[in-house]
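Thanks for coming. Please have the sequence and the model open.

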Amino acid sequence: MKKILVSLALLTGAATLFAGNGIVVTQKYNSGNQGRNITVTWYVTPTQCKLKMQYSDKDVNTNTYFIPSGGQLLTYNDGPVPSGATKAYFAVPVGNIKANQVGNYTVERTGEVKTIAGAKCEKVIARSGFNVTEIWVSQDFKGEAYRFAPYFQSNAELKALSDAGIPGFPIASVTKDAGGNVISSYEAVSVSNTDISDAEFTVPAEYKNAAEIKTGK
């Protein structure tokens, strides 16, 4: 009986250890541009990441995916393709991804906390040049999401967390210029701490590498 209880305790401990090893965050951007709607969903574990971006305006409605993989950023759309065409994904070497930030961030952890979409977050202030970014960082996700910053170099929040070595995931953000005008902002509409299958971080089998399609391989 004692052995059974010990085994159950070990199993329970293992379940606790592996439960919620990832985070899924859906964020709505306030772009300030009329007619544009941008929603992104992040799937993140301590070692893997995927971004789904939903974009729509009066002419376009697309879903684009980005997956860091082995020094490359894999990207594809899930829209229809012409009859007879092959669905393609692109593999962009991380060294070819251009940054749009200048220099490093000066980062301050404020200790201020609040709950956003059910996630307990800490307020972090990042300063770079003439801009100030207020970031609310999840305290529930213990992984170092900033390790994916080289793949998403337009993401000021990941860059700031990388510069400061702050773990967690950015849940909400507001960037202002020197005059206090809002340049960009987003906030999570849903946050879930959950196990995420490895299959989530692979390009669907029906997609072929665009470079191989071009060369006829």
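**Rings and their partners**

I begin with Lys50, whose charged end sits over the ring of Tyr43, 4.7 Å from the ring centre. Sitting over a ring requires NZ of Lys or CZ of Arg within 6 Å of the ring centre and within 35 degrees of the ring normal. Lys114 likewise lies over the face of Trp136, at 4.6 Å from the ring centre.

On sources: this is a predicted model, where local features need pLDDT of at least 70 and side-chain atom pairs count only at pLDDT 80 or more, while totals for chains, interfaces and linings use all residues. Residues are numbered from 1 along each chain as its sequence is written, and side-chain values use heavy atoms, with hydrogens and water left out.

Now the ring pairs. How many aromatic pairs does a search of the whole structure find? It finds five. Rings of Phe, Tyr and Trp (its six-membered ring) pair if their centres lie within 6.5 Å; planes under 30 degrees apart are stacked, over 60 edge-to-face, and the rest tilted.

One of the pairs is Tyr29 with Tyr186, tilted, at 4.9 Å centre to centre and 45° between the planes. Tyr29 belongs to strand E1 (residues 22-29) and Tyr186 to strand E11 (residues 182-194), so this pair ties together parts 157 residues apart in sequence. Strands here are DSSP runs of E, at least two residues, numbered from the N terminus. Tyr186 is buried, at 5% relative accessible area, and Tyr29 is partly exposed, at 25%. Buried means under 20%, exposed over 50%, and partly exposed in between, with a 1.4 Å probe and protein chains only.

Finally, ring pairs link Trp42, Phe152 and Phe169 into a cluster.

Notes:
Helices (H or I, at least four residues) and strands (E, at least two) are DSSP runs, numbered from the N terminus.
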